[in-house]
Every structure is written in C-alpha cells, then in structure tokens.
Amino acid sequence: MSHAAKHVRATGPSEPVDVPEHLDAADAETWRGAAAILAANWTGTHTVPSRTLYPHQWSWDAGFISIGLAHVAPDRAWRDLRSLFAAQWPDGRVPHIVFDPGVTERDYFPGPSFWSGGPPGPDGGPGHGGGAAGNGVEPARPTSGIVQPPVHALGAWQVYRHAPDERAVAELRWLYPRLVAQQEYLATARDVGGAGVAAIVHPWESGLDNSPAWDEALAAVPVAVEVLRRYARRDNQVVSSDHRPTDDDYARYLSVALSYREGGYQDAALAARHPFLVECPGFNALRGAAELALVRIAELVGADPALHRDRGAAITRRLVERLFVPETGMFHALDVRTGRHSPARCVNGLLPLVLPELPAGQVASLVAELESARFGVDPRMPVPSYDRSAVDFDPFRYWRGPVWFNINWLLRAGLRTHRRDDLADTLRRGLLDLARRSGYYEYFHPDSGAGIGSPAFSWTAALTLDLLADPVG
C-alpha cells in the first residue's frame, strides 16, 4: 500500500496516527503501538534505536527506521537521514554512531572520547569526535570512526516510493551525491583484498557484532584484559550479560577499535598493520542492493544510472566468485589476512538473496538453506541468526542464535525478488506474529519468541509498520 492509500483516523498512545484502512482491529492496534515507539524515540533531530541502551543515532538503524517512518511521518524520515549524512566524513564514510552532545559519556560506552582518543569533555560530556563531510554541510556532532552496512539508499528510495512528493525529490537530490560518496569509499578504500569486495575492519561494522562468522578471525586478536580494566562496559549493566557478547569478545572488540583509531582511521596499508580484515557477505550484498537503489534515484534526479547498474552487477559476480562455498551452499565470511572462509553458517551468508542478478543456482541453494532445519522458515518463528544445529548455538546471546527483525525483513525482500512469494509470506506472518505476541524488542528467542535485549526498539517497530502497510510489496 502506498502512502497515498486510504486511511482512517485513529488515536494512538501519544498522538493521532493514520491507520491503513485494510487493517483489522488487532493489526490497527499493532500499527498504533509501533508508531508510538517511533514517536517516543524521536529526539527532535533524529530517532534513537532505544532510550535505554542506545541513546545516540546509529547508521544502519537510521536506514531501517526511515522505511517505517515513510508510512507515518515521512518528514521525520528525511530529517533522520539528513541528520546522519550531515556527519559524513570527507572521505565518504558514514560513521556507525553519530553522538548526541546532550548525552553524557556516562550514559553510553564507547562514547566520543573513546573514538577520538581524547578525554571526556566538561561535566562528563563528549570530547571531540569524527568529522563532517566537506560537501556543503556544517560540522556535525561527534562520531565514531567505523561504518555499518550501507542500507541508506534503500531506505531513501522506500521513503520516496511511499511519499512521492516535491519534498521527497528535493531530499533525494541532496542525498544522492552523499550516497554516491559512501559507495565510492567502500568500493575503493575498503577493497583491501583487491577483488572488488569491501572488507570490514571491525565486527561492529557488519551490524552482526558477535556473530560466529568472526570467531576465527578474532581468535588471532589477543584478549587484552587490561583494556576492560581501563574501559568499563555499560551494555551489560542495562541488559543481562547472558544476552550480550562475552568479556573476552568485548576486549577483542576494543583492541581492534583501538588499532584502527591509532592508525588515524586511515585505510591505506591496512593489511600490513590491522588485526581484523574480513569480507562479509551480508555487508557486500547490501552494498550491491544500495547500487541498485541508486539506479532508481539517479534516474529520478537526472544523474547517470549506468555506473550504479554496472557496479551492482559486478558486486554480485564477485560475491559469488569469492564468498560462495559450494560445499555448504551458502556464502561465508572470508578472512583477508589468512584467505580462509569462516566455517560458521550464519544468517549473513543468506543475505545475497537481496541481489536480483544472483545466479539461479545460488538462489536455489540459499532457499534450500532457508527451508532446512538449520534455519527453517516457519510461520511460527522467523529465521535465527545462526545455524540451529551448531554445537555453540545460543538462543539468548545477541547474534549467536536469536531472531532479528531487520535481517528477516531483508530476507523477505530477497525472497520476493526471486519470486518465492510463498516463503516470503510465511516470513512476514512469522515476523508480525512475533511483534503481536512479544512487542517491539531488539531481538527474540528463536524458540519461544520472547523479547530479548532492549525493549521499544525502533527498527523493529519501523519494519512492523512496513510489513503491515504493504503485505505484497
């Protein structure tokens, strides 16, 4: 259903909300609840992922959030994307966190002083952080120095598609060169292996922070216990430590981040000096999807779409050549330093389904994985983040088993792209059942469906709105 479809006026928990006319009473209530969460998490300039654990603006969250806001508040969707891209660095990278100066260092770690290498500012406020793009915007809020998957072109196109007015075209004209710069940065500075596949320099860049996909590459990074003594975690003070990455993993994450920071966030000669360089199939599949969204945006704003079309096709080919493992029928992360694929079957290895030019053989293989006992698309439960049959499958711990809404939303889009509408509909029904039963949590138990992590999570609410609004699109 487009934004222009008929709506009836209803009153939500915080403000009036337009509810699509086709929804029954139960789904209308689900719609109002999701819209209320996005309203509550709006700061006036951007939407936070949650008020409890994530009080700043996160990069790929903003992309997913914009997709939901397109249905209830497109103005806020554009402001969210502008807020993020106002903090783009001169080299084109879009930082994974843009910090809110009104939030103290005590309220989130790692905050601005960690990423800048400086001490906290006055009264516990942030020190200096990253930089803004030198492309006509004012210096922005302090930032981190790493990136996240580039889902923003996809989000921007979805906002336009659901609210196609003059404001939307103007916003796309503003965003287009910045989205191109983001893609150019990933295609060049991060092509560490020289094969046309971008490398991530930190597990957090994948969005799948503690996935088993990184275990072998991280094992080469020593556990620096003194790092955890120096820097106090906050996440496991807010959420159960049984649900979060272990202390050993977290110490490695900090060591990898410090290595990149100490190199000035420069990408030259990374192979010679940086301890973690991995080609992630999910990250690169979303790079390809972004290029295909840019084809449509370029056509709309009067730019040449040919580069984006060609680059999207090239990313698809190189993913198949470099990251597909025939023995498992999936895509696997590749450690650039060792040349070895991770043996773990993780959900990022299914995300190339979003690429429309993925060869039929790979499509069939990934669909078979989705139908297998390892991942099992089921109307009662969406796809877990890791192979259910693995001995280290953990139904509680972040990306090592639980179900994530955004990944399943992407998988549904991929299934529809390849005309597997039956499975796509099953996935949609499972996701909406989760939201109705358990609420809008950060992630969910893969057996019971119980909510885990942060409650009132923005992208879960946003993508629930999208699934409700457009059951066939």
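Me: Where is Ala269 found?

Reply: Ala269 sits in the loop between α10 (247–262) and α11 (270–273). Helices here are DSSP runs of H or I with at least four residues, strands are runs of E with at least two, and both are numbered from the N terminus. Before we go on: this is a predicted model, where local features need pLDDT of at least 70, side-chain atom pairs count only at pLDDT 80 or more, and totals for chains, interfaces and linings use all residues. Residues are numbered from 1 along each chain as its sequence is written, and side-chain values use heavy atoms, with hydrogens and water left out.

Me: OK, and what's phi of Ala269?

Reply: Phi of Ala269 is near 60 degrees, a positive value in a residue other than glycine. For background, most residues other than glycine have a negative phi, and most peptide bonds are trans.

Me: Speaking of peptide bonds, which residues does a cis peptide bond join?

Reply: Phe109 and Pro110, with omega at about 0 degrees. Pro110 is in the loop between β4 (97–98) and α4 (112–116).

Me: Switching to helices. At what angle do α3 and α6 cross?

Reply: Helix α3 (residues 74–85) and helix α6 (residues 166–188) cross at roughly 30 degrees, and their axes come within 11 Å. The axes are lines fitted to C-alpha atoms, for helices over the stretch in contact, and the angles run from 0 to 180 degrees between N-to-C directions. That makes α3 roughly parallel to α6; angles under 35 degrees count as roughly parallel, over 145 as roughly antiparallel, 65 to 115 as roughly perpendicular and the rest as oblique.

Me: Which residues in α3 and α6 meet?

Reply: From α3, the list includes Asp75, Trp78 and Arg79, and from α6 it includes Arg167, Ala168 and Glu171. Contact means heavy atoms within 4.5 Å. The residues of this contact divide into eight nonpolar, one polar and six charged.

Me: New topic: what's the order of strands in the open sheet?

Reply: The three strands run in the order β5-β8-β9, with antiparallel pairing. Two strands pair if DSSP finds at least two bridges between them. The edge strands are β5 (278–279) and β9 (340–341), each pairing on one side only.

Me: Which residue in β8 is the bridge partner of Glu279?

Reply: Leu334. β5 pairs with strand β8 (residues 334–335) over two bridges, in the antiparallel sense.

Me: Last one: how many salt bridges are there?

Reply: The count comes to 26 salt bridges, where each is a side-chain nitrogen of Lys or Arg within 4 Å of a carboxyl oxygen of Asp or Glu. One of them joins the side chains of Asp215 and Arg400 at 2.7 Å, N to O. That pair links distant parts of the chain, 185 residues apart: Asp215 is in helix α7 (residues 215–219), and Arg400 is in the loop between α14 (360–371) and α15 (405–417).

How values were computed: Nonpolar A, V, L, I, M, F, W, Y, C, P; charged D, E, K, R; others polar.
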